[in-house]
Amino acid sequence: MNCDLLATCSALGYLEGDTYHKEAECLESVKDLIRYLRHEDDTRDVRQQLGAGQIVQNDLLPIIVQHGQDKALFDACIRLMVNLTQPAMLCFGKVPDDPVFRHHFLEVTAHLQACKEAFASEAVFGILSETLYTLLQLDWEQRQEEDNLLIERILLLVRNVLHVPADPCEEKKVDDDASIHDRLLWAIHMSGFDDLIKFLASAQSEQQWSMHVLEIISLMFRDQTPEALVSAGQARSAEEKNRDGLELEALRQKEHAAKRSRTFQRGTRHSHFGGSYVVQGLKSIGDNDVIYHRNIHNFKNHTHDSGKAVRRVPKRYRQARECKDKRRSALNVRLFLREFCVDFLENCYNRLMYLVKESLSREQTQQHDETYYLWALSFFMAFNRGNGFRADLVSETMSIRAFHYIERNITNYYEMLLTDRKEATSWSRRMHLALKAYQELLLTVNEMDRSQDESIRQSSSVIKSNIFYLMEYREIFVTLLRKYDETKQPHSYLIDLVESTHLFMRMLERFCKGRNNLMVQKKKVRRRKSQGKKKPPAPDTSPEALVESWKIVEEELKALGFQLSESLTEGIVPFDATSETPLEDQRTEAMVRVQDALLVRTGPEALGMLRAAREVWPEGDVFGSADVDPEEELELLKQILYANLPRTSPPEPVAEEYEDDAAELEEEEMESIQVSEKEFDFLDFIKRFAQPTIVRPYLLLLKTYSKNTPHTNHCIARMLHRLAVDLKMDAQLFQLSVFNLFNKILSDPAAAAYRELVTFAKFVLNRFFSLAAKNNKAYVELLFWKNVGAVREMTEGYSKEGEEKRPTWTEEEEEELRNLFEEHRDSEVPDVVETLLPLLSNSNRTRRQVVTQLVHMGLAASAKELKKQKKGTRIVLWTEEQEEELQMLHEEYKDSDDVLGDILKKLTAKRSRARVVDKLLSMGLVSDRRELYKKRSRGAPGKSSGKSSGKRMTEEDFLDELTQGFPDDPVDRDDEEEDESEESEEDEEQDRENRGRKSQSLNSSVERRPDVGNMVNTLQQEGMSAPLLWLQNRLIKTAEDREEDGLSQPVPIVPLNEENEDAMDKKSFQKLLRKLGLRAPENEQETFWRIPAKISVSQLRSAAAALSPREEEPTGGEEQDGSRSPARESEKEDEKEKDKEQEKEKDKDKKGVSGEQRAEALKALLLKRKRKHQTSEQTDFTPAEDTESTPERSQENTSTKRSKRRVLDDDSDDDDEKENDSTTAMDIETNGDSDKEDISAPVKRRRKMVLSDDEDDED
């Protein structure tokens, strides 16, 4: 011992007999020892010297026992002993690999074991209990910080002493004999320290010590099993007696079989010579047969490996070592521990587990402290299950949250097992502990099913429905079995895993039998490789591309009038003051950025950069003068585009810095999880276990059948029976190692004790030999493990290689295919394969077969050449011939009434309207889209209209012409959207923007969709009128708020009663919401549907009007079929006269006719209409079949009447023309949407706009 340490220890005092005499400097010496321990080296030399000097046994323990009244000395001694009893694993961090440090580790452990024996004294724990009791009597107001520190140190000291491992060399104790740990537990019990532990676990004011208490309890029961404690002091049950009898009978049978074997090996008479035998057919090292020199009865054990050196198994291939076996403590210790468990469950368990779980959730504990929680859960729930099960005692840990917590820990432990290979053993033990806790939860749920209390059985049913519904809980055992590794996970882990799987399968099977259809959750993970950020391709700088780019940029800037938005000008910064690049180089870079913007054809950005650079560098007029006009700016941009500017390559160090990150991004897998529901099938779930990777662990456990418990062997046989019998996958067990194991079972002398295994082995062997009679390759298949496909081939017959992948083609069919392909390969058909399919003589050929055969015959280089092209993607680019054709067609039809329609009819390469319009604009053939709208017929001479030929135009013709002439024609839009939906994504985005600009017209999106009306009617028939009215009010209120505030924000739709809430959950109602443009919740943070901010006020009111019920058809003759009712005929005549007068009024307006003449004409039309209406009212002819008129006719009647009323109201007074216009517009907005299927509602608005345009022209 070091001289300083020796002097310090001598200054503590001395022990004389049983009395300890302390020195005057005892307290200072204790503090010096604490200081020495603070500065010890990596070998823990101070700790080893103090342990060798037995300072704890001879000095510190007598001091606290005999001089405990000295509070300062007592606190210092407790503090020193907490440090000295610290576990060796914490001192060294881990078990050292270095031999020198490993020796020091073992030395420290040996000293700790000697200290533990000294602590096994009632006097020591008596003074600790007395001190702790005194401190706990203090209220929290009276308790000082030093008191809390002393309480914590006492608990830590007890924890450290209990943690010291037993010495297997010194403690060679048998069961029921008291070990040092048992003596320590008995001292704790006799001193009353266990009662203080229970008080700390249950007291409301002492919850801060919950984690320390749980650690102490777990170390107290370290060597115990719940079953042993439950049966302590009680007579053996009939089940235990039966189990012990079976074990004894198996041992007796093995002993008798061994005796018989020895008897058969003896000859009938004694022989001095053992004899020598030649074994025919078994070659020795040379070419001769083996000569056997031993007794012939032992020949079956003969092997060529006898006498050879045992091959050393590499460390990485060795099986994982088991943890130390449990031992049975002395009876008095077990009885005291049993009483402790009973009291702890009744008074402490639920509260303590709640506090510990809260600490774990809030990460207020140390690393790996969750293992104490998992142990306590499995141990005390198992004890409760065996000691007269009471569900209320373990209610805190009997929940779905407990299942989820343990499942998450199992997953985490397995991931760490794979990544942290150096600590694989520790992670494996933690994973085994979590599995035991999960198994105990299942056993407790199974026990709840047998309860007499109906509420407990219902709770069990709820828990089972949840764990069986979620995919994570169903698939956990499949995953654990598939990932089992005997080199990292011990044999006991496999036993618990197999038994837990058997229990789960049995519970799931029983749960499914009581239900016709069980819906479960299904998750599908789609993985795709992320491509990372691809480098954009360099722009084309050929002369032709530059001309085309300049043409597009010039047209775009002229269309904008050289005006730029504020957001664009604010976001452009041509100069960086913090950059180290010189000012002249930054000016050149700004010029290059202008050129880059021109090359990618973004004219506004290029112009904005030019103007921003002009403000930064005004000198020299490099970017133009300050008072430059737009034409000069345009010329300057053109010069920059064609200039050959110096470009600097990107710096290399930056690229190297992010090279690894880019590589990781390319290899990163993006996952998207799709959650759905499906009907559960138990047989389909069993098929998940029909894999060689899952069968192997079962067979590995079956190899130790003689050491397994009967329950473990039953679990193995039941799972193999499910696969071989229920799934008819017995061929999966046709493997040589399996048959060798079956042979061992069948030849076992104690085979009668394994009747289930024997019966199953005979069944599998019989099936194999039956199959071998039909399949002569069955014996070869014994060498391989087989998956489902191999099993099917082995039992149902082998298929030739590739015969299913490539169907046979005769020579005539190949010649036919070759001729047809040569004939059509150079044609301009969009898809050659689709052209060939109907021409083939064999009409059963699929596209895939034809493509595969063409590649096989060498007619196509790869299948990509024959890939089916999507409609519209082939002709996105325009060739020069197509542009010339478009220009010629525009010159030919530019004066026609329908320029765009005539061009589309004559265009060779069919394209959508949007593509043609954009191309006409880019080529400069038209300057505005409105030039391509269909012109309205005015009835003027020289135009080929219906009126110019002397025929009267009906109102239907007039409305039809208006509909065709307006750019928002629903039919045209449908055709356009249908074409655009098949274009590329880039074209779709551009078309979507065009359609978004068009949708800002008076026409509403709801009005264009007549199917909304059908949906509303259907919902009304289902009894959802109230939710529809509520939704309509919400839309109207939102429209009013947006109109008043002038702001648009997403507004949630919150149902406030059960009826509306139920309606919002129905798919039919949600479909209506989507039709109206409402947005569903996007993520888990949103609960309600929302009215998007992009919906305008007019669209909201239109949507609200679309939710109104269909207008009732007015009673009278005009409601019936117009072809049979005189009133209908008179009304049609009225419509024709009105339409004629309206057209005349338009023509007169163009010619300058006065407003008085218009008013007189309209008054005459109104008078005539009244007379015809009176005539129709006097007509009583209403056939019965007319009452069944179609909704289309009634809809047409209603829209026609509205049109007449609006026209009359609109043009009744010339002086109040503007006022009438606004009134009519509002009338259209409020009434035109009430009929949701009225396709003429957009036409009425257009018609109003036409009249307004004419009046503006007249003014």
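**A first look at some local details**

User: Which residue is the bridge partner of L15 in β2?
Analyst: This is a predicted model, so take what follows as a reading of a prediction. Strand β1 covers residues 13-16, and it runs antiparallel to strand β2, residues 19-22, with four bridges joining the two. Over in β2, L15 has as its bridge partner Y20.

User: Which residue in the hairpin of β1 and β2 takes a positive phi?
Analyst: The hairpin has two residues between the strands.

User: Is Y14 buried, partly exposed or exposed?
Analyst: Y14 sits in strand β1. Buried would need under 20% relative accessible area and exposed over 50%. Y14 comes out at 42%, so the label is partly exposed.

User: How far apart in space are Y14 and I63, C-alpha to C-alpha?
Analyst: Along the sequence, 49 residues separate Y14 from I63. In space, their C-alpha to C-alpha distance is 9.9 Å.

User: Why does A250 count as buried?
Analyst: A250 belongs to helix α14, which spans residues 238-265. The cut-off for buried is under 20% relative accessible area. A250 counts as buried because its relative accessibility is 12%.

User: What separates the C-alpha atoms of A250 and A753?
Analyst: These two residues are 503 residues apart along the chain. Their C-alpha atoms, though, are separated by 6.0 Å.

User: Where is H368, which has a positive phi although it is not a glycine?
Analyst: H368 has a phi of about 70 degrees. Helix α16 covers 349-361 and helix α17 covers 370-386, and H368 is in the loop between α16 and α17.

User: Is K728 buried or exposed?
Analyst: K728 lies in the loop between α32 (710-726) and α33 (736-746). It isn't a glycine, yet its phi is positive, at about 55 degrees. Its relative accessible area is 64%, and anything over 50% counts, so K728 is exposed.

User: What is the area of the nonpolar surface patch made by L736, V780, L783 and F784?
Analyst: One of its members, V780, is in helix α35, residues 778-781. V780 is partly exposed, with a relative accessible area of 49%. Together with L736, L783 and F784, it makes a patch of about 390 Å².

User: What charge does the surface patch with E1058, E1059, E1061, D1062 and D1065 have?
Analyst: E1058 is in helix α48, residues 1058-1065. E1058 is exposed, with a relative accessible area of 64%. Asp and Glu count as negative, so the charge of the patch these five gather in is negative.

Methods
Residues are numbered from 1 along each chain as its sequence is written. This is a predicted model: local features need pLDDT of at least 70, side-chain atom pairs count only at pLDDT 80 or more; totals for chains, interfaces and linings use all residues. Side-chain values use heavy atoms; hydrogens and water are left out. Patches are made of residues with over 30% relative accessible area and no salt bridge: like charges are joined within 9 Å, nonpolar side chains (Val, Leu, Ile, Met, Phe, Trp, Tyr) within 5 Å. Accessible areas come from the Shrake-Rupley method with a 1.4 Å probe; for residues, only the protein chains shown count as cover. A salt bridge is a side-chain nitrogen of Lys or Arg within 4 Å of a carboxyl oxygen of Asp or Glu. The place of a charge is taken as NZ of Lys, CZ of Arg, CG of Asp or CD of Glu. Buried means under 20% relative accessible area, exposed over 50%, partly exposed in between (1.4 Å probe, protein chains only). Two strands pair if DSSP finds at least two bridges between them.
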